[in-house]
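The following report describes a single protein chain for a reader working with its coordinates.

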Amino acid sequence: MRELMTFKRNVYTPEEQAALDAWRKLEGPSFPAMPVGVGQPKDYDVVSGFEMYWYAKGWDKDNPLWYDYSYAKDTWYGDVPAMPAMREPMGMSMFPAELGWEAFPPSTPMLGDGYDFELYYYQPIFAGDSFTTKIVGQECTDLTVDGSTIRYFIRVITTEMYNQKGKLVARGVFHWPTFLHKFADGNDPKTRDEIMQVRQELMKANMGSRTERYVRPAHVYTDADWEILKGIWANEKIRGKETLYWEDVNVGDEPLPTAENPITDYDAGRYTGMHHTVGTLSGDTVKDYVMGKRVERRFYKREDGVIDVQKDNRTHFLNFIGRNFCLRTITNWCGDDGFVRKVGWRMVNDYKPEEQFNHFPEDHFRPSWLLKVPYLKEAGKFINTHGAGPDCAICKAYVTEKFIDEDTGDHMVMLTAWCEDLDGNIFQECEFSVALPTRDGQPAIKFEK
C-alpha cells in the first residue's frame, strides 16, 4: 500500500488554503466525487395534515395539541402546529478535494467525535406550508493531531429555511466530523468509486491493528425496573392549557422526567419511518449487500441467520431519536403557550468502559451542555455511549438560564436535557430554548397566521 501523507493542525499548502477559503465563501465546485448539488438542502414538499398527524402519533400521541384541531383551534396557535423539529433545513456540503479524500474514522477515540446539531425555529409550521432552503455559511475547525495520517475537521454548515410567505422559519447549524487522507505521492483517487476501493484496501491492510467495534451488553429488565418506569409514567403531566409564565421559572427548576419503554427493533423502525428527513426506505439495504452492490454500511450475519446492521441484534438509535424523546419532556413542561426555539442534540460512538471520556470537556470548542447542570458536572457525568435497543430512555431536564432575546424581545428559558438508561448510561445530550408568555400579556412569540 502506498505511503499516506502526514499532517499538522491548521497547516495547508497554498493550493489547499485557496480551496478552503473559497469553500468558506460558498464558492468553487462541490466535492468532485459527488454530483453537483448532492448533499445540498432541497425544497421540501408541502406539509400535509396526514404527515403531521402520524408524526405526532408516533412521537407524542397523548398531547392533543399536535393532531386534534378541535383542541388546537382554541390555543394561541389557532390551528394544529407541527411538532418541533418535524421539518429541518439539513445541510451536508462536502469539502473540496484539495484537502484530501474520505478516510474511515480511526478506531481510537477522538475528542469531539460525536455528531452535533442545532436547530432554531422562529415561526410555527402548519399544514399547507412549503419551504425553500439554502446554505448561508460554511466554516470548519481543524482538530488534526500533528503527525497523523488522518486530517480531522469539524465542518459547520449553516442553513436557513423560508416558508411560502418568505418568512424565516428555521435556521440549522450542523457540525459534521470529517476525516481525510492524502497519498504522499500525490496520486489520489478522483472518483467516488476509486475512493471506495482505496478505502476498502486500506481497511484490509490495517485489519490486524483494528479492534472489533465495542457493543455494550444489553440490559436485562426486572420487575423492579418496570416499577421505576411505571412510576415515571404515572407522574407524567402534560401542562396543556395551564399557562407557564416566564416570571415563574427559576434557574435550577427541573421539569418532570418522561420515560420511553425499552426500544424494540419494531419501535426503532417506527420512529425512523415517522421522521421526514430519514426514512426506512432510504440508504443501503441487505439486498444491495448480498447482491454485491457498493454499500457503505457494515452488515453482519447474526446468530439467528438474519443479515442486519447489528450482528448482535441490537438496533442502534438514529441520532434524532433521543432528541425527540427529550422534546416531549420540554413540551410537557412549557405547555401549549410555550414555543420551542432551539433544539440542539449530540451523540457519540460506543467505547469500552476503560476508554470512555468526556468528548465535550470545558476546554473543547463547544463544551458539553451537561456541564451546565451542577450535580452532573460534580459527578463527572457525560455522554458515554450510543443508544441501542433494548435501552429505555429516562429523559430529564434542568433550567440553566433565563434571558430576554435582544433581537426579538422574546422572554427565553434555556434548558439542558439528556437521556439515561436504567444503568446510568447517557446516550444523548440536548439543549433547548423555550419562549414563554409573560404575566403582562406578551405572548411567547409573534407570528403571522
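What percentage of the 449 residues of the protein count as buried? In this predicted model, 51% of the 449 residues count as buried. The accessible surface comes to about 20800 Å², and 52% of that area belongs to carbon and sulfur atoms. The secondary structure consists of nine helices and 12 strands. Among contacts between residues at least 6 apart in sequence, 75% join residues at least 24 apart.

**Confidence**

The average pLDDT of the protein is 86, and 86% of the residues score at least 70.

| Residues | pLDDT | Contacts beyond four places in sequence |
|---|---|---|
| 30-43 | under 50 | 31 contacts |
| 276-282 | under 50 | 15 contacts |

**Cysteines**

How many disulfides does the model contain? The count comes to zero. Cys326 is in no disulfide, and its nearest cysteine sulfur, that of Cys419, is 3.6 Å away. Cys326 counts as buried because its relative accessibility is 0%. Cys419 likewise counts as buried, with a relative accessibility of 0%.

**Backbone geometry**

Most residues other than glycine have a negative phi, and most peptide bonds are trans. Several sites in this model depart from that pattern and are described in turn.

A cis peptide bond joins Gly389 and Pro390, with omega at about 5°. Pro390 is placed in the loop between α9 (374-379) and β10 (393-404).

Asn10, a residue other than glycine, has a positive phi near 65°. Asn10 belongs to the segment before α1 (14-24).

Ala85 is not a glycine either, yet its phi is positive, at about 70°. The loop between α3 (69-72) and β1 (101-102) holds Ala85. Is Ala85 buried or exposed? Ala85 counts as buried, because its relative accessibility is 1%.

**Helix α2**

Which residues of helix α2 (residues 49-59) are buried? Glu51, Met52, Tyr55, Ala56, Gly58 and Trp59 are buried in this helix. Viewed down the axis of α2, the buried residues fall within an arc of 160°, so they line one face of the helix. An α-helix has 3.6 residues a turn, so residues three or four places apart point the same way.

**Phe174 in strand β5**

Phe174 is located in strand β5 (residues 168-181). With a relative accessibility of 0%, Phe174 counts as buried. What does Phe174 contact, leaving aside its neighbours within four places in sequence? The contacts of Phe174 include Glu88, Pro89, Met90 and Gly91. Asp116, Phe117 and Leu119 are also in contact with Phe174.

Terms used: Residues numbered from 1 in each chain as written. Predicted model: local features only at pLDDT ≥ 70, side-chain atom pairs only at ≥ 80, totals over all residues. Heavy atoms only, no water. Disulfide = S-S within 2.5 Å. Buried < 20%, exposed > 50% of the residue type's maximum accessible area, 1.4 Å probe, protein only. pLDDT = per-residue confidence, 0-100. Contact = heavy atoms within 4.5 Å. Helix = DSSP H or I, 4+ residues; strand = E, 2+ residues; numbered from the N terminus. Areas by Shrake-Rupley, 256 points an atom, 1.4 Å probe, with all protein chains shown as cover. Arc of directions from axis to C-beta.
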